[in-house]
Amino acid sequence: MTFIEISVYLSTIIIGLSLLLIFYRIISGPSTEDRIVGLDLLTSNAIAFIAVYSIQSGTTTFLDVGLILALIAFLGTVAFAFYLERRTRK
Amino acid sequence: MIEILSGVFLMLGSFFILLSAIGIIKMPDLFTRMSATTKASTLGIGLVLIGTSFFWGSVGIVVRSLAIIVFLLLTAPVAAHIIGRAAYFDKVPLWNKTHIDELKGKYDEDSHELK
């Protein structure tokens, strides 16, 4: 086992563990904003996971998916926050 | 040699991602949680993508990774600000040890404009 294989396995495990921790916050978050922050962080972690997985599987196509995911995460967060702010405006 | 460098970057980045996940669990209120997630996760993803571009080494991958990093660096503060603003108007409770709320009374409650 080479060093890069060990580090890819380790980072897959660590990123998966942090995905689980973020899921706990999304489920138990007291307010809607907590859940939105959790979803934003979840998408960012998915980008990192995709980058690691592209090394593990040997295909570089997945990085395009990461680029699109970054765009969509930002759009979703801004849209959620816009409607939450408009709900409290009179 | 390049593979060792790439592996070190990958593990460092995933460590920072784990730190941001612990931060979103352990921090006491929404605003401190946002400070943990925005900074640590941007740094972690940047390091993981730098490690990926070291591993592949071709121009296309490096440009794609740099595009993702620059886009995250541009959008993470904007998204955090806009969620924080919505949460402040939505009366999300502050931590009970927060002493100073400098925005208190400076916003118009109905139109959400600065006085």
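Me: At what angle do H2(B) and H3(B) pack, and how far apart are their axes?

Reply: Two packed helices are described by the angle between their axes and by the distance separating those axes. In this structure, which is a predicted model, H2(B) and H3(B) pack at an angle of about 175 degrees with their axes 9 Å apart (axes are lines fitted to C-alpha atoms, for helices over the stretch in contact, and angles run from 0 to 180 degrees between N-to-C directions). The two helices are therefore roughly antiparallel to each other, a term for angles over 145 degrees, while under 35 is roughly parallel, 65 to 115 roughly perpendicular and the rest oblique. Helices here are DSSP runs of H or I with at least four residues, and strands are E runs of at least two, numbered from the N terminus.

Me: Which residues make the contact of H2(B) with H3(B)?

Reply: H2(B) contributes residues including B:Leu30, B:Phe31, B:Ile45, B:Gly46 and B:Trp56, and H3(B) residues including B:Ile61, B:Ile68, B:Leu72, B:Ala80 and B:Gly84, where contact means C-beta atoms, placed from the backbone, within 7 Å. By class, the residues of this contact are 17 nonpolar, seven polar and no charged (Ala, Val, Leu, Ile, Met, Phe, Trp, Tyr, Cys and Pro count as nonpolar, Asp, Glu, Lys and Arg as charged, and the others, Gly among them, as polar).

Me: How do the axes of H2(A) and H3(B) cross?

Reply: These axes come within 11 Å and cross at roughly 170 degrees, and the two helices are therefore roughly antiparallel. On the H2(A) side stand A:Glu33, A:Ile36, A:Val37, A:Asp40 and A:Ile47, which meet B:Ile68, B:Ala79, B:Ile83, B:Ala86 and B:Ala87 of H3(B). The contact divides into eight nonpolar, no polar and two charged residues.

Me: How many residues of chain B are in contact with chain A?

Reply: There are 48 residues of chain B in contact with 46 residues of chain A. On the chain B side, helices H1 (2-26), H2 (30-56) and H3 (59-89) each supply at least two residues, and H1(B) gives the largest share, 16 residues. That side has 29 nonpolar, 13 polar and six charged residues.

Me: Which residues of the largest nonpolar core touch the most other members?

Reply: In soluble globular proteins, nonpolar side chains tend to be buried together. The largest nonpolar core has 48 residues, and A:Ile47, A:Ala48, A:Ala51, A:Val52, B:Ile17, B:Val48 and B:Ile83 touch the most other members (a core is a set of buried Ala, Val, Leu, Ile, Met, Phe, Trp, Tyr and Cys residues joined through C-beta atoms within 7 Å). H2(B) gives the most to this core, with eleven residues. Leaving aside neighbours within four places in sequence, A:Ala51 is in contact with A:Leu63, A:Gly66, B:Val48, B:Leu49 and B:Thr52.

Me: Which residues are buried in H3(A)?

Reply: They are A:Leu63, A:Gly66, A:Ala70, A:Ala73, A:Thr77, A:Phe80, A:Ala81 and A:Leu84, and what covers them includes H2 of chain A together with H3 of chain B. Buried means 20 or more other C-beta atoms, placed from the backbone, within 10 Å of a residue's own, exposed 12 or fewer, and partly exposed in between.

Me: Is B:Lys91 buried or exposed?

Reply: B:Lys91 is exposed, with 9 other C-beta atoms within 10 Å, and lies in the segment after H3 of chain B. Although not a glycine, B:Lys91 has a positive phi of about 60 degrees.

Me: What conventions apply throughout?

Reply: Residues are numbered from 1 along each chain as its sequence is written, and chains are lettered from A and ligands numbered from 1 in the order in which they are written. In this predicted model, local features need pLDDT of at least 70 and side-chain atom pairs count only at pLDDT 80 or more, while totals for chains, interfaces and linings use all residues.

Terms used. Two residues are in contact if their C-beta atoms, placed from the backbone, lie within 7 Å.
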